[in-house]
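Open the model in your viewer and keep the selection tool at hand. This tour goes from one selection to the next.

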Amino acid sequence: MNTIALVGAQWGDEGKGKIIDILAETADYVVRATGGSNAGHTVVSDGKTYKLHLIPSGILYPDTVNIIGNGVVVDPKVVLEEMDGLAKLGVKFDKLLIDLRAHVVMPYHKEIDELSEKAKGKDAIGTTKRGIGPCYADKSDRIGLRMIDLITPDVFASKLKTVLELKNKIITAVYGGTPLDYKSILDEYSAYAERLEKFCCDTGVILYDAIKANKRIVFEGAQGTLLDLDSGTYPFVTSSHPISGGFCAGAGVGPTAIKECLGIAKSYTTRVGAGPFPTELDDEVGKHLLNVGHEFGTTTGRPRRCGWLDAVILRLAVRINGLTSLAINKLDTLTGLKKLKIATHYVRDGKVVSDFPADIMLLEGCTPVYEEFDGWSEDITNAKAFDDLPKAAQRYIEAVERLAGCRVAMIGIGPDRDKNIVR
Ligand code: GDP
Ligand code: IMO
Ligand code: MG
């Protein structure tokens with residue numbers, strides 16, 4: 001079997017897009033299985049920067065089939081805008097497939113996301129306001145609209161009427177908002193359906209045949225382990241399962257279909273949105289990571305919160321994703337820092353905490369304990385092999401392997417495709 005799953009090992013934005021693009025060069029299929037347009041994956045190729053939200057990051061290779069699986073929540077407006085933008089850059093979509101079972105993000109989902117965040121006040125999650133939570137909630141509540149509904153005109157007209165009546169009651173009576181208009185949504189979304197219909201099919205069947213034919217398949221993770229609905233920092237998480245287990249449900253494949261699992265992490269930690277972050281830095285080092293690492297959200301433009309690398313988080317990622325190796329991106333961002341730190345464990349009430357706590361109240365009481373390393377000042381962005389890196393950088397990567405309990409197979413030293421050391 002020739003399949004690999006790529007998962008974010010932290011709070012998202014680990015540089016998944018870059019690694020997927022690299023692996024996509026030799027892939028027959030790239031498959032997105034979870035999340036929606038909350039994702040923002042950057043691919044830098046030949047000096048051009050592509051920001052992908054719903055379109056899989058294998059799209060730049062014309063021979064690669066790119067699948068949006070059943071577990072993704074598809075915003076038809078966003079996906080079409082994204083395609084129009086990419087088409088102007090010469091990208092083709094004749095190998096793009098969207099699963100018929102994928103749920104559709106509707107205007108009322110985005111409205112409710114916005115209103116619900118506002119109503120939560122200081123307890124807001126800091127969502128991307130892309131309607132993700134409300135769409136997955138409808139899926140679980142069994143009142144969601146799927147791509148198959150969207151592209152079947154009479155079904156869409158009838159289901160939309162029923163659901164919109166309910167949603168307008170919630171928008172007005174619960175949140176004091178303005179009701180949405182049925183006719184204008186119907187017209188707008190029917191036009192999107194006409195454009196999207198040709199991409200829709202049962203992608204699970206196609207994937208099953210591809211796996212049997214030993215095709216090279218890359219499963220593209222979105223978000224990250226700590227944003228997982230079960231294993232993340234609940235409630236400050238997203239509403240899907242961005243861990244490796246989520247690929248099975250979200251792409252319609254069995255667990256035995258995934259041979260390898262590569263976790264992607266940065267050489268430090270970032271997070272956007274609210275919630276606990278033990279190794280967060282509010283000092284000059286934090287500013288260095290923000291500015292040198294250009295840590296501004298791909299989807300919302302928000303500055304990302306920055307901190308030291310946290311091995312407690314990496315061990316959680318290794319465990320629940322069954323990682324077979326790690327890619328550590330953005331090692332170049334650490335260049336110039338005199339001393340580097342990695343949290344090895346936490347201490348709470350005088351006791352050692354080695355495993356990531358289940359409860360954020362417990363996590364908030366944890367103080368990280370660090371191991372300190374020498375930094376380096378040499379430019380590392382032209383290194384071609386591990387041995388080309390300064391000794392201090394080599395020691396840092398070896399420490400990551402030791403503390404995470406997982407082999408580091410790739411090291412990112414710049415945003416471009418070729419700025420990646422394979423070990
Ligand atoms: P994703 O959501 O995991 O795909 O990551 P994002 O695209 O949101 O954020 C990662 C950012 O880091 C992007 O701007 C990438 O171009 C950039 N990037 C990825 N790998 C590296 C690296 O090794 N070094 C540097 N300097 N930038 C990188
Ligand atoms: P990629 O794929 C970083 C975060 C949001 C918020 C929380 C819930 O680019 O790594 P949501 O809109 O999903 O309901 O927001 O999850 N979040 C991300 N943070 N990278 C992402 O995706 C994210 N997708 C969601 O900031 O804290
Ligand atoms: Mg991102």
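A molecule sits in a pocket if more than half of its atoms lie within 2 Å of its grid points. Keep in mind that this is a predicted model.

**Stop 1: ligand 1**

Select ligand 1. The space it takes is the second largest pocket. Now show what surrounds the ligand. There are 18 residues around ligand 1, and the closest are K16, G17, G40, T42 and D332.

Colour this shell by class. Seven of its residues are charged, nine are polar and two are nonpolar. Next, show the secondary structure. Both α1 (16–24) and β3 (41–45) supply at least two residues of the shell. The largest share comes from α1, with three residues.

**Stop 2: backbone contacts of the ligand**

Select G15. One of its backbone N or O atoms lies 2.9 Å from an oxygen atom of ligand 1. Move to G412. A polar backbone atom of G412 is 3.3 Å from an oxygen atom of the ligand. Then pick G414. Here a polar backbone atom is 3.2 Å from a nitrogen atom of ligand 1.

How much of ligand 1 does the protein bury? Taken alone, the ligand exposes 590 Å², and the protein buries 92% of that.

**Stop 3: the pocket around the ligand**

Hide ligand 1 and look at the space it took. The second largest pocket holds about 630 Å³ of space. It is lined by 27 residues; T42, G293, H294, K330 and P415 are the closest to its centre.

Select α1, β3 and β4 (48–52). Each supplies at least two residues of this lining. Which element gives the largest share? That is β3, with four residues. By class, the lining has 13 polar, nine charged and five nonpolar residues.

**Stop 4: the largest pocket**

Now go to the largest pocket. Its volume is about 810 Å³. Select I125, T127, T128, V237 and T238: of the 45 lining residues, these are the closest to the centre of the largest pocket.

α4 gives the most, with six residues. Colour by class once again. The lining of the largest pocket has 17 nonpolar, 17 polar and 11 charged residues.

Technical notes. Residues numbered from 1 in each chain as written. Chains lettered and ligands numbered in written order. Predicted model: local features only at pLDDT ≥ 70, side-chain atom pairs only at ≥ 80, totals over all residues. Heavy atoms only, no water. Near = heavy atom within 4 Å. Polar contact = N/O pair within 3.5 Å; in protein donor to acceptor, adjacent residues only side chain to side chain. Areas by Shrake-Rupley, 256 points an atom, 1.4 Å probe, with all protein chains shown as cover. 1 Å grid on protein atoms, 1.4 Å probe; cavity = no way out; pocket = protein on both sides within 12 Å on 5 of 7 lines; lining within 4 Å. Nonpolar A, V, L, I, M, F, W, Y, C, P; charged D, E, K, R; others polar. Points joined across faces, edges and corners; volume = space filled by probe spheres on them.
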